[in-house]
Amino acid sequence: MNFYSLFASGGFGLNLDLFETNIINLSVVIFGLYKFLPNFLGGILKRRRDAILVDLKDAEERLSEASKAFEDAQKELAAAEQKADQIRSDCKLRAEAIRLESEKRTVEEMARIKQGAASDLNAEAARVSSQLRREAARMAIEKALERLPDKLDEKTKANFVTQSIKNMGDS
Amino acid sequence: MGTLPFIFPFAELEVGQHLYWQVGSLRLHGQVFMTSWIVIGALLTLVVVGTRKMDRDPRGVQNLLEFLWDYIRDLARTQIGEKAYRDWMPFIGTLFLFIFVSNWGGALVPWRLIKLPSGELGAPTADINTTVALALLVSLSYFYAGLSRKGLRYFEYYVHPTPIMLPFKIVEDFTKPLSLSFRLFGNILADELVVAVLVFLVPLVLPIPVMFLGLFTSAIQALIFATLAAYYIGEAVEEHH
């Protein structure tokens with residue numbers, strides 16, 4: 001667009017005509033924007049900034065919470081490890097004690113079993129020898145009873161009876 | 001472009017007057033370059049100032065820039081899709097910010113205080129060359145996006161639902177940059193013209209609502225351009241299977 005005034009002057013320069021430059025209307029429009037835009041845009045920007053700040057604060061809070069939880073968990077881990085070590089060493093001690101105890105008990109048991117076996121053997125031997133003795137005595141009596149009728153005549157019989165009676169009378 | 005004279009009985013109002021810079025055999029529209037550089041400079045300053053001292057809690061310019069970043073990311077992500085939007089976010093964001101600041105700069109900065117030998121300063125996007133350049137960049141981008149992501153399978157897109165679509169899709173490749181550039185150029189130029197004509201007819205008060213409307217449409221146009229660019233790129237990288 002070109003206004004006739006420009007042809008007259010030519011070259012670069014300033015045009016200070018109030019109406020040709022439309023400066024009055026422009027200043028009104030710019031003033032209107034200046035009044036209106038900061039409220040509109042400023043409101044949007046402020047809301048955006050507030051939202052971001054809230055987000056940041058949330059994130060920071062979550063970070064601090066998470067790091068606190070992490071620390072707690074680490075502490076718990078350390079405590080648990082310590083406890084595990086303790087339990088492990090306790091277990092070792094107890095295992096050692098149980099092993100010693102059971103060894104001792106085994107040895108004792110073996111000794112007891114050995115002794116028991118020995119005494120059983122003695123008792124059996126005693127029983128067998130007494131049985132043998134009794135058997136021998138029985139057989140001797142049987143043999144004696146077999147041979148008794150041949151050797152026993154009237155006189156000896158009478159002697160034996162009187163002897164027995166005498167024994168009875170003495171007693 | 002040629003001259004389109006608007007002749008009024010009591011005043012002369014012309015489009016197509018340019019401050020020509022001769023570079024070799026090219027005649028450049030100098031006023032567009034100047035305002036573009038100013039826009040680029042303003043954007044770079046804003047970004048450098050906003051990111052120089054970055055804080056964890058965003059305040060001031062940093063907050064504004066982060067807000068814009070969020071906005072552009074949402075735009076790119078909805079149009080291009082989760083997979084590829086990261087590659088194209090800078091491009092979409094540059095388009096959006098450049099067009100937006102150009103449009104608003106053209107409408108808000110009192111450029112007419114500065115007299116040029118010929119033509120006048122204004123929004124760079126009110127010149128068809130700027131918008132065509134931007135639209136062709138978008139075309140190149142979506143071709144590159146499709147080809148780099150899918151290789152030659154990109155051309156399956158042309159026969160995608162049925163081969164009958166082939167001519168339409170080919171025509172689309174030409175109409176896309178055309179519609180992009182003309183929509184932006186037409187809207188911004190029309191806005192400037194309407195304001196200029198109204199200022200001629202009724203110098204005070206009446207142009208003000210039209211100027212506000214112009215600010216609104218300018219912002220919408222920037223959004224439309226960026227959204228469509230992102231949509232075209234998204235269409236090119238989309239997987240059909």
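User: Before I look at any geometry, what is the mean pLDDT of chain A, and where is confidence lowest and highest?

Analyst: Where pLDDT is low, the predicted coordinates should not be read in detail. In chain A the mean pLDDT is 86, and 94% of the residues reach 70 or more. Within chain A, confidence is lowest in α1(A), with a mean of 44, and highest in α2(A), at 92. Residues 1-9 of chain A have pLDDT below 50, and beyond near neighbours in sequence this stretch has 16 contacts in the model.

User: Let's turn to the interface. How many residues of chain A are in contact with chain B, and which elements of chain A supply them?

Analyst: The size of an interface is often given as the accessible area lost when the parts come together. Here we can read it through contacts: 29 residues of chain A are in contact with 31 residues of chain B. On the chain A side, α1 (4-9), β1 (13-14) and α2 (23-151) each supply at least two residues. The largest share, 14 residues, comes from α2(A). Sorted by class, the side of chain A that touches chain B has 17 nonpolar, nine polar and three charged residues.

User: Which strand of chain B does β1(A) pair with, and in what sense?

Analyst: β1(A) pairs with β5 of chain B (residues 114-115) in the antiparallel sense, over two bridges. To find the place on screen, look for A:G13, which stands opposite B:K115 in β5(B).

User: Now chain B by itself. How many helices and strands does chain B have, and in what order do the elements run?

Analyst: Chain B has six helices and five strands. From the N terminus on, the order is β-β-β-β-α-α-α-β-α-α-α. For a sense of dimensions, the C-alpha atoms of chain B fill a box of roughly 65 × 55 × 40 Å along the principal axes.

User: How should I read the hairpin of β3(B) and β4(B)?

Analyst: In a regular strand the side chains alternate between the two faces of the sheet. In this case, β3 (residues 20-23) and β4 (residues 26-29) of chain B run antiparallel and are joined by four bridges. One pair to pick out is B:W21 with its bridge partner B:L28 in β4(B). Two residues lie between the strands, and B:G24 takes a positive phi near 60°.

User: Which residues touch the most other members of the largest nonpolar core?

Analyst: In soluble globular proteins, nonpolar side chains tend to be buried together. The largest nonpolar core here has 42 residues, and those touching the most other members are B:I92, B:L95, B:A226, B:A229, B:A230 and B:I233. Elements that each supply at least two residues of this core include α2 of chain A, along with α3 (85-108) and α6 (207-237) of chain B. Take B:L95: leaving aside neighbours within four places in sequence, B:L95 is in contact with B:L134, B:F225, B:A226 and B:A229. Over the whole of chain B, 32% of the 241 residues count as buried.

Definitions and conventions. Residues numbered from 1 in each chain as written. Chains lettered and ligands numbered in written order. Predicted model: local features only at pLDDT ≥ 70, side-chain atom pairs only at ≥ 80, totals over all residues. Contact = placed C-beta atoms within 7 Å. Nonpolar A, V, L, I, M, F, W, Y, C, P; charged D, E, K, R; others polar. Pairing = 2+ DSSP bridges. pLDDT = per-residue confidence, 0-100. Buried ≥ 20, exposed ≤ 12 C-beta atoms within 10 Å, placed from the backbone. Core = buried A, V, L, I, M, F, W, Y, C linked by C-beta atoms within 7 Å.
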